[in-house]
Amino acid sequence: RVMPVRWSRYNPSYLEPEVKKESYQKPLEELTDEEREQMELKAVRPIKAAPPTLSSSVFSDPMISKFTNMMMKSGNKVLARNLMSQTLETIKRKQLEKYHKAPENEKETIECNPYVIFHQALKNCQPIIGLSNITKGGKTYQVPVPLTDNRKRFLAMKWLITECRENKHRRTMMPEKLSQELLLAFNNEGPVIKKKHVLHKMAEANRAYAHFRWW
Amino acid sequence: QLDHGCALHTAARDGLSSVSTQDVPAERPRAVFHTSESDPAKHTEQHEGRLYNIPLEEVKAVFPHGLPYRFQQQIRTFNEARVMVRRPALELLAYLKGSNLAHPAVRYVIYGERGTGKTMTLCHVVHYCSRQGWLVLHIPDAHLWVKNCKELLQSSYNRDRLDQPLQASGWLRNFKTSNERFLQEIKTQKKYTWGKRESTEEGRPLGEVVEQGLARVRSASDAVGVVLREIKQQSHRGSFRLLVAVDGVNALWGQTTLRKEDKSPVSPEELTLVHNLRKMVRNDWSGGAIVTTLSQTGSLFKPSSAYTPHELLGKEGFDALDPFVPIPVANYSPREFESCYGYYLERKWLQHEKAHTEDGKAELQFLSGSNPRQLDRLAGPL
């Protein structure tokens with residue numbers, strides 16, 4: 001078990017930890033003045049504890065870690081991470097099999113990198129505009145509202161995970177279900193993309209209430 | 001069937017720098033870590049660290065069971081079966097080539113830490129022997145016979161023992177696919193009665209015994225016993241050479257998780273299959289060799305840090321296997337690691353952009369500790 005060492009409230013004098021290897025390998029002469037100041041500051045100020053998800057590995061990806069955290073249930077990060085790696089492996093295997101069976105001219109169109117597929121699928125699932133409930137004069141209206149980037153990413157990941165958990169056969173494993181959904185979303189097909197389109201249509205239908213928004 | 005003794009092309013024997021070429025002119029030359037020598041008999045130290053190809057039809061004929069699951073998945077994804085030639089396997093092959101078949105069978109025990117390649121070494125040796133025309137008795141995992149059995153029947157031959165029809169019939173089916181030729185040649189030497197109306201006469205080919213075991217699943221374990229007995233008795237004549245390849249031999253002398261109907265635990269001697277296999281692994285016959293592997297991953301009631309023969313076999317097993325040749329298998333050497341990494345890159349298995357860089361390679365080497373299984377599991381999602 002990993003006991004939490006990082007506090008949630010730090011004194012403002014604490015600085016963030018620097019994880020990238022390249023910043024420590026630069027020789028002294030190449031540093032600019034700001035960076036020299038930063039180095040001197042680090043010598044005197046205390047530094048916050050690094051969170052367990054922060055890694056200096058070249059293979060770490062913040063989007064993948066976010067997705068794994070959302071898939072996690074009751075703190076079982078080991079299981080969530082294994083499921084994520086199995087999903088990426090399943091996607092890679094499916095795409096490689098298709099790649100090796102395809103004729104020469106189609107080989108360039110088939111994307112085999114699971115990370116590229118994951119990022120593209122998430123981007124395709126992100127809604128552009130959302131709806132929010134605004135109460136005016138006793139009635140609640142669904143008002144079309146712009147979404148921040150964080151909210152869009154969160155909605156895309158949430159839809160993917162709920163779709164896999166609820167609308168599939170009980171006995172299929174999560175990596176299989178997820179890889180299927182991600183491949184469909186990569187090609188702009190599948191139930192999650194449909195859900196996004198439904199949301200867009202509702203927002204378009206409720207255009208008249210757009211002026212209820214005050215922010 | 002396998003055409004052993006066919007004339008194979010010879011690989012370009014050379015040092016580290018040059019490239020070995022395929023004999024098919026349409027393919028471009030493969031890289032240094034491949035070798036086009038697909039006959040294990042011709043593998044020497046020069047081929048160490050290189051990967052050789054087994055044609056897919058041979059894989060289906062020689063290995064109906066016995067290859068690890070992840071390797072089978074890899075064969076399906078890459079459409080080819082590439083096995084690395086490593087030092088323990090070369091050592092074993094040298095011993096087998098120089099062994100005197102008139103002497104009693106020598107026992108070889110392949111041991112090592114988890115995930116270092118013991119099963120793959122065994123498969124390499126099995127491939128060599130089947131190419132040379134030996135009769136191969138390959139038990140893929142002895143642990144499968146001492147745990148998770150759905151049906152346990154009381155044996156009709158011996159009141160005290162218990163039969164396992166499912167496992168026995170499964171093994172007989174795979175044995176049939178791998179050794180068709182010998183089943184016609186070897187004849188039974190005694191009359192065997194299977195029940196009131198069925199019996200096999202003396203002098204009938206062994207194939208009939210196997211068919212009997214597959215048709216009447218209740219007597220499948222007895223059929224297995226008969227097959228093992230016949231093969232053992234006839235091996236000293238010299239008409240065929242016998243290789244007994246057992247993976248996870250420590251299952252034969254440990255404990256089982258099976259229980260009888262009155263909930264009392266079953267010890268391994270009370271299972272017909274295990275009893276017959278123990279007789280096979282004894283070195284009282286000549287005309288072949290016994291190659292076994294220890295395995296902690298499937299073992300029952302053994303700590304996960306145990307990997308030496310004494311810890312895994314226990315006192316009983318060690319005494320039973322006592323004069324054996326131990327063959328340790330270690331993690332990848334730097335050269336073997338380079339070879340494996342290069343193969344994954346070439347087959348587009350490592351798709352992450354950073355995996356192609358030096359940093360990524362150093363990280364993979366550090367995280368896996370040059371352990372073949374860890375490298376495979378790490379390279380999966382990348």
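The model on display is a predicted one.

**First stop: a strand in chain B**

Since 5 of the 5 residues of S5(B) are buried, the strand is largely enclosed by the rest of the structure.

**Second stop: an open sheet**

Select strands S1, S2 and S3 of chain B. They form an open sheet of 3 strands in the order S1-S2-S3, with mixed pairing. The edge strands are S1(B), residues 34-35, and S3(B), each of which pairs on one side only. Strand S2(B), residues 51-54, pairs with S3(B) in the antiparallel sense over 4 bridges. To see one position of this pairing, display Asn53(B), which stands opposite Arg82(B) in S3(B).

Proceed to Arg86(B), in the loop between strand S3 (81-84) and helix H3 (87-97) of chain B. Is Arg86(B) buried or exposed? Its relative accessibility is 11%, and Arg86(B) therefore counts as buried, the limit being under 20%.

Which backbone oxygen lies 2.7 Å from a polar atom of the side chain of Arg86(B)? It is that of Thr116(B). The side chain of Arg86(B) also reaches the backbone oxygen of Ala330(B), at 2.6 Å. Beyond its neighbours within four places in sequence, Arg86(B) is in contact with several residues, including Gly117(B), Val329(B), Asn331(B), Tyr332(B), Glu336(B) and Pro372(B).

Select Glu269(B), located in the loop between S10 and helix H9 (272-281) of chain B. With neighbours within four places in sequence left aside, the contacts of Glu269(B) are Arg161(B), His275(B), Arg278(B) and Glu316(B).

Now show the side chains of Glu269(B) and Arg278(B), which meet in a salt bridge of 3.1 Å, N to O. Side chains of opposite charge can pair when their charged atoms come close. Arg278(B) counts as buried, at 15% relative accessibility, whereas Glu269(B) counts as partly exposed, at 36%.

How many salt bridges does the structure hold over all chains? The count is 23. For one of them in chain A, select Glu16(A) and Lys48(A), with their closest N and O atoms 2.9 Å apart. This pair links distant parts of the chain, 32 residues apart: Glu16(A) is in the segment before helix H1 (21-25), and Lys48(A) is in the loop between helix H2 (33-44) and helix H3 (62-71) of chain A. Glu16(A) is partly exposed, with a relative accessible area of 47%.

Return to chain B and select Glu211(B) and Lys176(B), whose side chains form a salt bridge at 3.0 Å, N to O. Glu211(B) belongs to helix H7 (residues 206-215) and Lys176(B) to helix H5 (residues 165-178) of chain B, so the pair ties together parts 35 residues apart in sequence. Glu211(B) is partly exposed, at 40%, and Lys176(B) also counts as partly exposed, at 24%.

Display both chains together. In this interface, 23 residues of chain B are in contact with 17 residues of chain A. The area buried between the chains is about 1900 Å², and carbon and sulfur atoms give 58% of that area. On the side of chain B, highlight Thr77(B), Gln351(B) and Pro381(B), which lose the most area to chain A and together account for 30% of what that side buries.

What is the count of salt bridges between chain B and chain A? It is 1: Glu89(A) pairs with Arg70(B), the closest N and O atoms being 2.8 Å apart. There are also 12 residue pairs in polar contact between the chains. Helix H2 (69-78) and helix H12 (358-368) of chain B are the elements that give two or more residues to this side. H2(B) gives the most, with 6 residues. By class, the side of chain B that touches chain A has 8 nonpolar, 7 polar and 8 charged residues.

Definitions and conventions: Residues are numbered from 1 along each chain as its sequence is written. Chains are lettered from A and ligands numbered from 1 in the order in which they are written. This is a predicted model: local features need pLDDT of at least 70, side-chain atom pairs count only at pLDDT 80 or more; totals for chains, interfaces and linings use all residues. Side-chain values use heavy atoms; hydrogens and water are left out. Buried means under 20% relative accessible area, exposed over 50%, partly exposed in between (1.4 Å probe, protein chains only). A polar contact is a pair of N or O atoms within 3.5 Å; within protein, one must be able to donate a hydrogen and the other to accept it, and residues adjacent in sequence count only if both atoms are side-chain atoms. Contact means heavy atoms within 4.5 Å. Buried area is the accessible area (1.4 Å probe) that two parts lose on being put together, summed over both. A salt bridge is a side-chain nitrogen of Lys or Arg within 4 Å of a carboxyl oxygen of Asp or Glu. Ala, Val, Leu, Ile, Met, Phe, Trp, Tyr, Cys and Pro count as nonpolar, Asp, Glu, Lys and Arg as charged, and the others, Gly among them, as polar. Two strands pair if DSSP finds at least two bridges between them.
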